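Please read the following explanation alongside the sequence and the model.

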Amino acid sequence: MSKFGPILIIEDDADDKQLFEDIVKSLGYQNRIVWYDNTEDAIEYLSTTGDSIFIIFSDINLPGKNGLEFKKKIDSTPELRQKSIPFVFYSTSALQKDIDEAYSKMTVQGFFKKGKDYNEIKGHISLILEYWKACKHPNTH
Amino acid sequence: MSKTGPILIIEDDKEDKEILEDVLRDIGVKNRIIWMENTHNAYEFLKSATEAMFIIFCDINLPGKNGLELKKVIDDRPELRKKSIPFIFYSTSANQKDVNEAYSKMTIQGFFQKGSNYEDMKKVIRLILDYWTLCKHPNLL
């Protein structure tokens with residue numbers, strides 16, 4: 001985790017990803033954005049990259065293994081868990097069942113429901129990034 | 001975890017606790033504030049509490065077991081872990097060793113260094129509360 005490291009987005013909807021990227025840029029963040037549309041590729045990236053990632057935003061409903069399974073995989077893989085990357089669910093659907101599972105079966109740093117319009121989404125992304133920017137970070141890779 | 005539930009402050013310095021309380025009231029927080037000055041009492045309180053808490057602010061350096069040890073105990077006790085209360089370290093000291101340990105050996109939702117003046121503190125506390133208010137909460141207790 002590094003404040004200047006890439007922001008990883010796992011999102012299967014290209015439009016949603018584009019909107020997210022536009023918002024991050026418009027907020028003035030220079031961090032590189034790394035995008036995967038499925039969790040298998042995201043795991044492969046996390047396992048092999050030398051990047052110190054700032055934060056992970058993951059959708060819940062994804063093709064193949066979903067966001068919850070993705071997070072469980074990170075938690076159960078010591079070298080991925082060791083990277084201590086803040087993990088936030090950012091999802092259109094926010095079923096109570098998924099929220100309960102996210103908090104009780106794994107360790108998440110937040111679960112947010114996607115905003116309805118550009119300004120709402122911008123407000124959310126701004127708050128989440130500011131929070132993790134203000135937070136003290138570990139010295140890990 | 002409940003947005004309207006009490007806020008638990010674990011802090012051995014009475015003045016620091018009063019400042020944090022002032023900041024919370026100044027921001028307009030209506031939640032009940034519960035203060036414990038050591039981790040033993042905080043642990044006993046959490047075990048017996050029937051109310052869903054909103055958030056825990058915990059200092060690092062505390063008499064007896066320190067903040068890091070308290071968090072480990074919570075993680076190890078299924079009935080406490082299941083309460084899924086966001087756990088934030090809020091400490092005067094933020095040495096890198098403690099920050100690294102907090103992220104790698106346990107599951108935390110943030111690690112913030114106390115601001116050096118009232119306005120800085122207010123900014124950080126507001127950010128923390130806004131974040132966890134926007135966040136979707138589990139319904140497990």
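Two strands are said to pair if DSSP finds at least two bridges between them. In this predicted model, five strands of chain B pair in that sense, giving an open sheet with the order E2-E1-E3-E4-E5 and parallel pairing. Strand E2 (33-36) and strand E5 (111-113) of chain B are the edge strands, and each pairs on one side only.

Within the chain B sheet, strand E1 (residues 7-10) runs parallel to E2(B) and is joined to it by four bridges. Ile7(B) has Ile33(B) as its bridge partner in E2(B). In general, the strands of a sheet pair through backbone hydrogen bonds, either parallel or antiparallel.

Chain A also has an open sheet of five strands, in the order E2-E1-E3-E4-E5 and with parallel pairing. Strand E2 (33-36) and E5 of chain A stand at its edges with a single partner strand each, so one side of each has no neighbour in the sheet. Ser58(A) has its bridge partner in E4(A), namely Phe89(A).

Helix H2 (residues 39-48) of chain A lies across strand E1 (7-10) and E2 of chain A, and runs at about 135° to E2(A).

Back in chain B, helix H1 (residues 14-27) contains Leu20(B). Is Leu20(B) buried or exposed? A residue counts as buried if 20 or more other C-beta atoms lie within 10 Å of its own. Leu20(B) has 22 other C-beta atoms within 10 Å and is therefore buried. Leaving aside residues up to four places away in sequence, Leu20(B) touches Ile9(B), Glu11(B) and Phe57(B). Leu20(B) and Lys114(B) are 94 residues apart in sequence, while their C-alpha atoms are 9.6 Å apart in space.

The last topic is the contact between the chains. Here 25 residues of chain A are in contact with 24 residues of chain B. On the side of chain A that touches chain B, helix H5 (96-104), strand E5 (111-113) and helix H6 (118-134) of chain A each supply at least two residues. By class, this side of chain A has 10 nonpolar, 11 polar and four charged residues.

Definitions and conventions:
Residues numbered from 1 in each chain as written. Chains lettered and ligands numbered in written order. Predicted model: local features only at pLDDT ≥ 70, side-chain atom pairs only at ≥ 80, totals over all residues. Contact = placed C-beta atoms within 7 Å. Nonpolar A, V, L, I, M, F, W, Y, C, P; charged D, E, K, R; others polar. Axes fitted to C-alpha atoms, helices over the stretch in contact; angles between N-to-C directions. Buried ≥ 20, exposed ≤ 12 C-beta atoms within 10 Å, placed from the backbone.
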